[in-house]
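I opened my notebook beside the viewer today and jotted things down as I went. Here is what I looked up, in the order I looked.

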Amino acid sequence: MATGFLTDTTVCIGCKACEVACKQWNQLPADGYELTGDSYDNTKQLSGDTWRHVAFIENPKKKRLTGDVDLVALAEDVKEDLPNGAELDGLGRWTFMSDVCKHCVEAPCQQACPTGAIIRNEFDNVYIQPDVCNGCGYCVPACPYGVITSVPEDGRAFKCTLCYDRQIDGLEPACAKACPTNSIMFGEVEELERVAEERVKQLHDRGYPQAFLYGTPEVGGTGGIGGNHSKFILMDVPETYNLPENPFLPQDKVAGATVASAVAATVIGAVVAWAFRG
Amino acid sequence: MGVSGIRGSMAEETKRNGKPETSHRPETDPKRDDKNYYGIPPIKRAHWTWQIYVYFWIGGIGAGSHLLATIGHLLGWKDEAFFRTTKYTTLAAMTISPVLLIWDLGRPERFLNMLRILKLRSPMSTGSWALSVFGSMSGLVATKQAAEDGLLLGDNFASRLAKLVPDRLVSVLALPLGLYVGAYTGILLIATSVPMWARNWLLMGPTFLSSAVSSGLSWTSLVLHLGNWGESKTLGALKRAERVVLVIEAILIAASLIRMGKWSKPLFSKKLGPLFVGGTLIGGIAAPLVLLFGKETRERSILASVLVLVGGFLFRYVMVVGGRESADDPESYFSFAKKDGGRPEVSGEGSE
Ligand code: SF4
Ligand code: SF4
C-alpha cells in the first residue's frame, strides 16, 4: 500500500497551520525572525528544518500592480488617475500553496544516495534513515524540486518523512491533521488520485479551466520520475509556485555518460600509447 | 537589535516619494529580480566546498599518472625515474583524495557508510568504490616501487614481501578503475538537476578524463624536468602525448560549451569568466599548445606544464562553482525543465 498527500491549493487559506504542526511534531528548530518582504512569506522555501512551506503568491499572471503604486489612493478607491503611469490591472487574488516533498515514484534523491540512507519504507514513502546518512550532500542537487537539504549544524540531509512515526501508529501526518480546510489530504495514493480527478473536473465545471493535477507522469512527475505520491491541484503554471513543469530523473543519464567516458578512455589511452611509442 | 533594524528600514521605505509603501513592490524595486517565486531558487545547490574541486584536480592527476605508468610498463619502458614519479604521484594523490572527501562530509565519522552498499546508478557510490579499490591497488604497486628503491628500510621481511607484488598485472587490472576515477567526477556532476551540469551529460565525463590525463602528463613532465631526471626519450614521449591530449581536451570543452548553450552562462559570469576564459581556455590550453609546438627548451616545457596544471585546476573550480550559480538561477532551471526545453530527449526515454 502506498500512501501520499494530495494538496488542493484552491482551498488553502494560507494559515500556515501545516508549517507549525510539522515543526512541532517533528521538533524542528525555528528558521529565525527574518522578514523577507516577499508578501507574507517569511519562510521562503523548504529546507532541512522546514518540511512544509506555504507559498504566498500575489496576483499571479498579469494581474499585478505595476509601476509606482500609491496605496493610499488605491485604498480610497481612486481608480482613475493613478500616479506615475501605474496601471491597475485588477487586484487579482491570492494564491497559496503548501509545498512538501513530492515522494517521487522513482526518487532522484534516493537513487543518488551512496550510503543507502534513503529508502522506500513500508508505506512506499521516500524516507531518510538518519542513522545511516553521512552527510555527503549528493541527494541535494539531485532533487528536481529543491526539497531535500543539508543542515550545516547537523551535517546530515533532512526532509519530510510523511510522518513515518505517526503512520506506524495509524495516525495521519501532522500537517494533514492540522489543516483546517482539508487542503492537505492524506491517504492511499490511488484513492487520492480519484479524489483529485473529481475535484479537477469540478473546478473545470465551475469555470476554472486552468485547474490541473501536478505530480503525474504528464506534468510534474515527468522524465522517468514516474509521477509523485504527493500531488498538488494547481491553478496556474507550475513555475508560479516555484515548481518545474517537466523535471527529469538525473540518473537516467548515468549509463550513457559512463559508456561515453569508456569510449573516451579508450581513445585517450590509445593516443597516449601511440605518442609513447614515438 | 532585530526590531531597531526593522524600524530603520521602514523609515527608509517611507521616505521614498514621501508616501507609505508596501515592503514588497513586485516590479518597482530595481534591486530585486522577482521572476517566478520572488527569485528564490527552485532547486538547491550542492554544499560542496573547496575540498571537492581540489579533490577533483588531485584525483585526476593521480588517475592520469597511473595511465602513464601502465602504458610505460606495457611498452617495456625501463626509465626508472619515470616509473618512480608516476607511481609515487598516484599513491600520494590516492592518499590525499579520501582525506579531502571525508573532510567534506557532514558526518565524517560515518565515511565507511559509503561502502555499505554499491549502487550502480549513483556515481557517488561507484566513485567511492573505485577510489577505494584503485587506491589500494595503486598502493600495492607503489609499495613494490618503494621496496625496489630501498625505501622500506633495507632488506627486511616487508620489503621482500612487497617485491613479490606482480606490479604490472596489478597496474593493468587497476587501469579501468583508475580511468573511472578520472572520469566519474564529471558523471557525478551530470547526474543532478543542476541545468549547467545535466545539460552536458554526454561529454562531462570524457572532458574531465581528458583533463585528468593532461594534468597527469604535465605533472610527470614537470617533475622530471625540475629534477633533471627524465631520459630524453621519455621527455619527448610525454611532450607528444601532452600535445594530442590537449587538443582532445580543447575539442571536448568546445563541444561541451556548444552543448550547454545558454545554460553555460555561469562559466562566463563576472566572477568565473576571467578564470575560465583566461585561466582554462587561454592559459591552460591555448598557451601550452603554443609552447609545446614551438621550439624545444626545458623552460618552455616547464612553463607549459605549470600552465596546464593551473588551467586544469581552474577548470574544475569553475565547473563546481558555476554549478552553484546555475542552481541558483530560476530562469535557467525552469527553461531547462520545460517541455521542449533543455531536455527534449528525455520524454519517452525515461518511461521504458
Ligand atoms: S521530491 Fe526530492 S526529496 Fe522528495 S522524494 Fe522526490 S527527489 Fe526526494
Ligand atoms: S547526504 Fe545523506 S541522505 Fe543525502 S545522499 Fe548523502 S548519505 Fe544519502
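**Entry 1: a glutamate in chain A.** I began with A:E19, which is buried at a relative accessible area of 9%; buried means under 20%, exposed over 50% and partly exposed in between, with a 1.4 Å probe and protein chains only. Before going on, I noted that this is a predicted model, in which local features need pLDDT of at least 70 and side-chain atom pairs pLDDT 80 or more, while totals for chains, interfaces and linings use all residues. Residues are numbered from 1 along each chain as its sequence is written, chains are lettered from A and ligands numbered from 1 in the order written, and side-chain values use heavy atoms, without hydrogens and water.

I then placed A:E19 in helix α1, residues 17-26 of chain A; helices are DSSP runs of H or I with at least four residues, numbered from the N terminus. What does A:E19 touch, leaving aside residues up to four places away in sequence? I found A:T43, A:R52, A:H53 and A:V54, with contact meaning heavy atoms within 4.5 Å. The side chain of A:E19 also reaches the backbone nitrogen of A:V54 at 3.0 Å. I checked A:W51 too: its C-alpha atom is 7.5 Å from that of A:E19, although 32 residues separate them along the chain.

**Entry 2: the two ligands.** I counted 14 residues around ligand 1, taking those with a heavy atom within 4 Å of it. A:C101, A:C104, A:C109, A:C143 and A:K159 come nearest. The shell of ligand 1 has eleven nonpolar, one polar and two charged residues. Around ligand 2 I listed several cysteines, including A:C113, A:C133, A:C136 and A:C139. That shell has eight nonpolar, four polar and no charged residues. For these classes, Ala, Val, Leu, Ile, Met, Phe, Trp, Tyr, Cys and Pro are nonpolar, Asp, Glu, Lys and Arg charged, and the others, Gly among them, polar.

**Entry 3: where the chains meet.** I saw 86 residues of chain B in contact with 89 of chain A. In chain B, B:Y37, B:K44 and B:R121 lose the most area to chain A, together 12% of what that side buries. How many salt bridges are there between chain B and chain A? I count five, each a side-chain nitrogen of Lys or Arg within 4 Å of a carboxyl oxygen of Asp or Glu. A:D154 forms one with B:R107, where the closest N and O atoms are 3.2 Å apart.

Methods
Helices (H or I, at least four residues) and strands (E, at least two) are DSSP runs, numbered from the N terminus. A polar contact is a pair of N or O atoms within 3.5 Å; within protein, one must be able to donate a hydrogen and the other to accept it, and residues adjacent in sequence count only if both atoms are side-chain atoms. Buried area is the accessible area (1.4 Å probe) that two parts lose on being put together, summed over both.
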